[in-house]
Amino acid sequence: MGGSKIWFADARAKEFDYHHSLVAKLEEILKQVDVSNYFDEGDYVAIKTHFGSYGAHRIIRPLFIQKVVNAVKEAGGKPFVTDTVRIPGIEYLEVANSEGLNHLSLGAPMVLADGIFGKDHKPVESGPILGKIGVASAIYDAPSMIVISHCKGHIGSGFGGAIKNLGMGAISCKDNCGHAERGRIHFAQNTELKWEEEKCTLCERCVDVCPHEAIYKTDEDNIEINYEICVKCGRCARVCKDEALIIPQSEERFQKGLSEAAYAAVQTFQEGKILYINFILEVQPECDCMPMADTPVIQDQGVLVSDDIVAIEQATLDIMSEADPLPQSKGSEKEVQPGEKELFQQITGKHAQWHVDYAEELGMGQKDYEFITIEKKEKPEDKENK
């Protein structure tokens with residue numbers, strides 16, 4: 001069996017000509033791929049992306065998303081741009097607007113896939129680790145989807161691309177009772193965050209970073225966790241320099257659970273109804289949900305497009321792993337050696353390859369791929385000369 005096709009455009013623009021820009025090359029890819037193959041005329045098309053966070057300014061630029069929206073419209077689809085609740089719903093829409101993501105800039109409505117309260121979902125079988133998981137209703141009900149992913153680091157998976165975009169972002173924030181649904185991926189089943197008092201220095205970093213105000217310091221100088229509103233996102237443990245907050249989870253189980261959640265989301269679509277777009281731009285070491293953005297660890301590489309989620313993720317890891325670390329970045333700080341190991345394994349110690357391998361085991365795609373490289377957007381005279 002041959003490798004899955006991946007359209008690739010390098011981030012370099014070597015001519016003073018719009019047709020050589022990455023924006024134009026993306027337009028050419030969308031034309032060659034023919035987005036109309038992935039939905040029927042008149043279909044609603046979910047464009048799944050990440051809305052960002054206050055302080056995190058390296059999300060995918062609105063212009064690129066707008067180009068995808070335009071391509072869908074021109075092909076007769078009805079696009080909406082969507083993500084699931086990460087902080088309370090209205091606040092998250094305000095975050096998106098502050099990042100420049102809104103109906104006016106993108107040309108399509110902004111929709112919270114799991115509703116303004118983060119509870120709207122349909123349970124779907126995922127795999128042996130998670131069992132049933134709640135796929136956000138607007139994604140579950142959509143007949144087709146385009147997944148636009150900003151490729152960067154992640155606190156749990158090491159690398160966040162298309163699988164992470166769906167494994168976290170297509171799952172509802174909460175269940176019908178208001179308890180963590182997406183957070184079940186971060187935590188072993190039926191377990192809670194644990195505070196180890198003897199290690200804690202009461203720095204309150206955990207208090208400051210919690211987007212749901214679920215953790216606080218008491219008058220008795222203790223850390224209290226409100227488990228009723230904790231969504232098990234893991235940010236508090238990530239920022240705790242004293243390792244006083246413990247997430248009951250193994251890395252391998254988390255990586256596999258992430259793929260199972262993505263698998264659940266993908267299974268709600270008919271075959272051939274999902275297209276994936278990975279942007280390897282401003283590759284920072286943290287997820288876009290954190291309240292900051294570090295400097296990029298490698299130079300911008302470009303954009304990849306495929307309908308095989310496993311192939312596009314493998315190609316993304318391969319490209320990033322061969323790139324030189326940028327000076328004054330966490331890549332150079334960690335003395336990353338190109339080609340020796342996966343990029344973010346060297347930076348975070350996490351094994352992102354595990355969730356890509358497991359996605360292949362689940363039958364989501366194949367790791368073998370072949371590139372179709374786009375050098376520029378074709379002009380009318382280019383076609384005449386062929």
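A salt bridge is taken here as a side-chain nitrogen of Lys or Arg within 4 Å of a carboxyl oxygen of Asp or Glu, and by this rule 1 salt bridge is counted between domain 1 and domain 2. The structure is a predicted model, in which local features need pLDDT of at least 70 and side-chain atom pairs count only at pLDDT 80 or more, whereas totals for chains, interfaces and linings use all residues. Residues are numbered from 1 along each chain as its sequence is written, and side-chain values use heavy atoms, with hydrogens and water left out.

The domain assignment, whose bounds come from an automatic or database source, divides the protein chain into domain 1 (4-184 + 251-383) and domain 2 (192-246). Between the C-alpha centres of domain 1 and domain 2 there is a distance of 29 Å. The size of an interface is often given as the accessible area lost when the parts come together. With buried area defined as the accessible area (1.4 Å probe) that two parts lose on being put together, summed over both, about 1,100 Å² is buried between domain 1 and domain 2, and carbon and sulfur atoms give 58% of this area. On the side of domain 1, the residues that lose the most area to domain 2 are Ile155, Ala180 and Met290, which together account for 31% of what that side buries.

The salt bridge between glutamate 286 and arginine 238 has its closest N and O atoms 2.3 Å apart. Polar contacts are pairs of N or O atoms within 3.5 Å; within protein, one atom must be able to donate a hydrogen and the other to accept it, and residues adjacent in sequence count only if both atoms are side-chain atoms. Under this rule, 4 residue pairs, with both residues at pLDDT 80 or more, are in polar contact across the interface of domain 1 and domain 2.

Helices (H or I, at least four residues) and strands (E, at least two) are DSSP runs, numbered from the N terminus. Arginine 86 is placed in the loop between strand S3 (78-83) and helix H3 (89-98). Relative accessible area (1.4 Å probe, protein chains only) is classed as buried under 20%, exposed over 50% and partly exposed in between, and arginine 86, at 8% relative accessibility, counts as buried. The side chain of arginine 86 is joined to that of tyrosine 92 by a polar contact of 3.2 Å. When residues up to four places away in sequence are not counted, arginine 86 touches Lys48, His50, Tyr92, Lys164, Gly169, Arg182, Pro211, His212 and Arg235.

The count of salt bridges comes to 19. In one of these, the closest N and O atoms of aspartate 17 and lysine 379 are 2.9 Å apart. Aspartate 17 lies in the loop between strand S1 (4-10) and helix H1 (22-33), and lysine 379 in the loop between strand S16 (369-373) and helix H14 (380-384), so that the pair ties together parts 362 residues apart in sequence. Aspartate 17 is partly exposed, at a relative accessible area of 25%, and lysine 379 is likewise partly exposed, at 22%.

Lysine 48 and aspartate 83 also form a salt bridge, with the closest N and O atoms 2.9 Å apart. Because lysine 48 lies in strand S2 (residues 44-48) and aspartate 83 in strand S3, this pair ties together parts that are 35 residues apart in sequence. Lysine 48 is buried, with a relative accessible area of 0%, and aspartate 83 counts as buried at 0% relative accessibility.

Most residues other than glycine have a negative phi, and most peptide bonds are trans. Glutamate 213, in the loop between helix H7 (205-209) and strand S11 (215-217), has a positive phi near 55° and counts as exposed at 67% relative accessibility. Glutamate 243, in the loop between helix H8 (235-239) and strand S13 (245-246), has a positive phi of about 55° and is exposed, with a relative accessible area of 55%.

Definitions and conventions:
Contact = heavy atoms within 4.5 Å.
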